[in-house]
Amino acid sequence: MKITGARVIITCPGRNFVTLKIETDQGTYGIGDATLNGRELAVAAYLEHHVIPNLIGRDAHRIEDIWQFLYRGAYWRRGPVTMTAIAAVDTALWDLKAKAAGLPLYQLLGGASREGVMVYGHANGADIDSAVAEVGRYVEMGYKAIRVQAAIPGVKGSYGVGRGKDGYEPAESALPYETVWSTPAYLDFAPKLFDAVREAHGPDIELLHDVHHRLTPIEAARLGRALEPHRLFWMEDCTPAENQEAFRLVRQHTTTPLAVGEIFNSIHDCRTLIQEQLIDYIRATVVHAGGITHLRQIAALAALYQVRTGSHGATDLSPVCMGAALHFDLWVPNFGIQEYMRHTEATDAVFPHAYTFKDGYMHPGETPGHGVDIDEDLAARHPYDPKQLPVARLADGTMWNW
Ligand code: CS2
Ligand code: MG
């Protein structure tokens, strides 16, 4: 099965997505998500100039060899742009191989390890009461696990709080808009938010929370301890993780489960975290951590240390990533949970897919491949619209972590 062509499709049905389409001499094609929120054109250029010319003529079945060629052959290894480009190729090749086999992708990975993939949705609110009400809406929709975020009083542009019915889309402006962060206000507020949610919805629903890299290790330890009575499913990105050892301090002080890794792009970003069991869930994804091929290696290492998967699934990861992720999630033995921020109807129309949601669980479907396609005519009607993620500063103007 020879690769005869490959191209990058950029579309913006309400937000930007980058998709790689690889075509073969069998008249078949596979697609992979190449979206890196706020850096879409960097990945598109990497693919067009440095990857696609190297794909033409290769055997599409040689997924591992192509992965090794693109990784080792880059010389400048790793990084979000390179690994997202490699991931797009990898996902498209797995899609092609599964289509050639006439099987849903999960069957090629080792078959189903569970009946369905437990997912969590995003409940957020402009204040505690609206966040509590939104949790109730997600419970009504059948979710068994719900992430809870709310605007922090006095904090402009609090993370995770959506505007309108389409949920939260942070990349809203061509240049980053500046938000203000206050750790004291947040540390005072977050426990009150979960007091109210547990009071209203009881002890059984699984609750998650995303700190979004905002705290120092000791502050994260303090928050983790304060939230222990609420038995969170996880506290995510509690402190920046470039320094993996920083999690030793957090781990010493709290039993609140820890999740990290949505911005990781290789196994080396999380090796210490996993080997020292400093975390409970690894959030790396198909689209940003080198595709199915590399994510399997991360999951295998994690399994040795009883760390489970909890892949990122925000709306800035396309339905192509979601489809591939669900096949991975259905198979992976040490599965934890899958994030599922529903895409808009406009996005779903551009990316028809086989995956389904029911009673808090998802299934990738039985379509050969990963079960997601792209409607190129519709995609062409939504031109790229330059957007970047916000930044955060402290009240005194110090740059902080958004
Ligand atoms: C968030 C993301 O879903 C999450 O856990 O951290 O929404 C993140 O803010 C975006 O993916 C950034 O593009
Ligand atoms: Mg997150």
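Guide: Three strands make up an open sheet, with the order S6-S15-S16 and mixed pairing. S6, which covers 178–181, and S16, which covers 399–400, are the edge strands; each has a single partner strand, so one side of each is left without a neighbour in the sheet. The model is predicted, and the description should be read as such.

The pairing of S6 can be followed in more detail. Its partner S15 spans residues 391–394, and the two strands run in the parallel sense, paired over 4 bridges. At one place in this pairing, Glu178 stands opposite Val391 of S15.

The largest pocket holds about 920 Å³ of space. Its lining takes in 36 residues, and those nearest its centre are Asn37, His213, Ile263, Leu389 and Trp402. S15 and S16 each give two or more residues to that lining, as does helix H3 (80–101). Sorted by class, the pocket lining has 19 nonpolar, 11 polar and 6 charged residues.

Some of the ligand's oxygen contacts can be given as distances. An N or O atom in the side chain of Glu339 lies 2.4 Å from an oxygen atom of ligand 1. For the side chain of His212, the distance from an N or O atom to a ligand oxygen is 2.8 Å. The side chain of Arg147 also has an N or O atom at 3.5 Å from an oxygen of ligand 1. Taken alone, ligand 1 exposes 340 Å², and the protein buries 95% of that area.

The structure holds 1 cavity of 30 Å³ or more, and the volume of the largest cavity is about 100 Å³. It is lined by 14 residues, with Gln149, Ile152, Tyr159, Tyr186 and His209 nearest its centre. Strand S5 (145–150), helix H6 (183–201) and strand S7 (206–210) are the elements that give two or more residues to this lining. H6 gives the most, with 4 residues. The cavity lining consists of 9 nonpolar, 3 polar and 2 charged residues.

To return to the sheet: S15 pairs with S6, and S15 and S16 contribute to the lining of the largest pocket.

How values were computed:
Residues are numbered from 1 along each chain as its sequence is written. Chains are lettered from A and ligands numbered from 1 in the order in which they are written. This is a predicted model: local features need pLDDT of at least 70, side-chain atom pairs count only at pLDDT 80 or more; totals for chains, interfaces and linings use all residues. Side-chain values use heavy atoms; hydrogens and water are left out. Two strands pair if DSSP finds at least two bridges between them. On a 1 Å grid over the protein atoms alone, a cavity is a set of points where a 1.4 Å probe fits but cannot get out, and a pocket is an open set with protein on both sides within 12 Å along at least five of seven lines; lining residues have an atom within 4 Å of a point. Grid points are joined across faces, edges and corners, and a volume is the space filled by probe spheres set on the points. Ala, Val, Leu, Ile, Met, Phe, Trp, Tyr, Cys and Pro count as nonpolar, Asp, Glu, Lys and Arg as charged, and the others, Gly among them, as polar. A polar contact is a pair of N or O atoms within 3.5 Å; within protein, one must be able to donate a hydrogen and the other to accept it, and residues adjacent in sequence count only if both atoms are side-chain atoms. Accessible areas come from the Shrake-Rupley method with a 1.4 Å probe; for residues, only the protein chains shown count as cover.
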